[in-house]
Amino acid sequence: MHNVWDLPRRIFHWLNVFFVFTLIALGLLMMNKSALGITGTEAKVGLKTLHVLIGYGFCINLLLRISWGLIGPKHPKLSLKRTSLSELSNYQTRISKGHKPQYLGHTPLGRVSVMLMFILLGVIMITGLVRAGTDIYYPPFGSTVQAFIAEHGELPSKIKPYNDTYVDPSAKLQLGPFKSLMGNVHRYSVYLLMFILIMHIWAVVKTEVTLHPGLISAMVSGKKIIEGKAEDE
């Protein structure tokens, strides 16, 4: 029994599960609000506001995890070590031959998966904050967007979400392509993240059943069962 995942790492993991799945559910709700009978500007703004507020929690959690990953103990660290194709191939070959290599941290395949997820989470965070600014004028970019699209001589703070009063039409038109790009990157990054999460969950369950019992419980207790010497010990 080895103490591997420390408390900050475990707290981040389960908070991230909550934030990601809640935000995905809200995003799907917003995309299908008309079909569900949710109409009107007030409901649209309300859903978007809730999505953004929970998104702030997601952002804070992610930034804290990245910070802890840089300064924390070894195995919670976000490893920048390159995982070579030969290392991945060797790991898969050993698995196919019936070997059960044990790791204190992530397996080579796990390292690749985790880094891909963190890159996607970062893209989703940045594009989400941009869209929060362009849609309902929330920080950190909302005031800048309001100032850009405000009619000459009008106070930018008077501009309200989904309301063109006090808005310069030409400035709004100019902002449109950038807003659309950020929205598309945000949406398709989430779609890709959903696919990777499904693969991640499948891989964890398979590893738990066939290779490394106690892997899932380790994300609760922080203690990982290792048979023999770990590959990364």
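# Reading a predicted model, feature by feature

Me: Which residues make the nonpolar surface patch?

Reply: Happy to start there. This is a predicted model, and its patch of about 730 Å² is built from Trp14, Val17, Phe21, Ile201, Val205, Val209, Ile216 and Val220.

Me: Which helices supply at least two residues each to that patch?

Reply: Three helices do: α1 (7-31), α6 (169-210) and α7 (215-221). Phe21, for instance, sits in α1.

Me: Now to helix packing. At what angle do α2 and α4 pack?

Reply: The idea is to compare the directions of the two helix axes, each taken from N to C. Here α2 (residues 41-71) and α4 (residues 108-135) pack at about 140°, and their axes are 10 Å apart.

Me: Is the crossing of α2 and α4 left-handed or right-handed?

Reply: This crossing is left-handed.

Me: Which residues meet where α2 and α4 touch?

Reply: Contact is counted for heavy atoms within 4.5 Å. From α2 come Lys48, Val52, Tyr56, Phe58, Cys59, Leu62, Leu63 and Arg65. Facing them in α4 are Phe118, Leu121, Gly122, Ile124, Met125, Leu129, Ala132 and Asp135. Sorted by class, the contact has twelve nonpolar residues, one polar and three charged.

Me: I see Lys48 and Asp135 in that list. How far apart are their closest N and O atoms?

Reply: They are 2.8 Å apart. To call a pair a salt bridge, look for a side-chain nitrogen of Lys or Arg within 4 Å of a carboxyl oxygen of Asp or Glu, and Lys48 does form one with Asp135. This pair links distant parts of the chain, with Lys48 in helix α2 and Asp135 in helix α4, 87 residues apart.

Me: How many salt bridges does a search of the whole structure find?

Reply: The search finds five.

Me: Let's turn to the backbone. Which residues does the cis peptide bond join?

Reply: Check the omega angle: it is about 5° at the cis bond between Pro139 and Pro140. You can find Pro140 in the loop between α4 and α5 (142-149).

Me: And what is the phi of Tyr162?

Reply: Its phi is positive, about 55°, although Tyr162 is not a glycine. Look for Tyr162 in the loop between α5 and α6.

Key:
Residues numbered from 1 in each chain as written. Predicted model: local features only at pLDDT ≥ 70, side-chain atom pairs only at ≥ 80, totals over all residues. Heavy atoms only, no water. Axes fitted to C-alpha atoms, helices over the stretch in contact; angles between N-to-C directions. Helix = DSSP H or I, 4+ residues; strand = E, 2+ residues; numbered from the N terminus. Left-handed = near helix turned anticlockwise from the far one by under 90°. Nonpolar A, V, L, I, M, F, W, Y, C, P; charged D, E, K, R; others polar. Patch = residues over 30% accessible without salt bridge, like charges linked within 9 Å, V, L, I, M, F, W, Y side chains within 5 Å. Areas by Shrake-Rupley, 256 points an atom, 1.4 Å probe, with all protein chains shown as cover.
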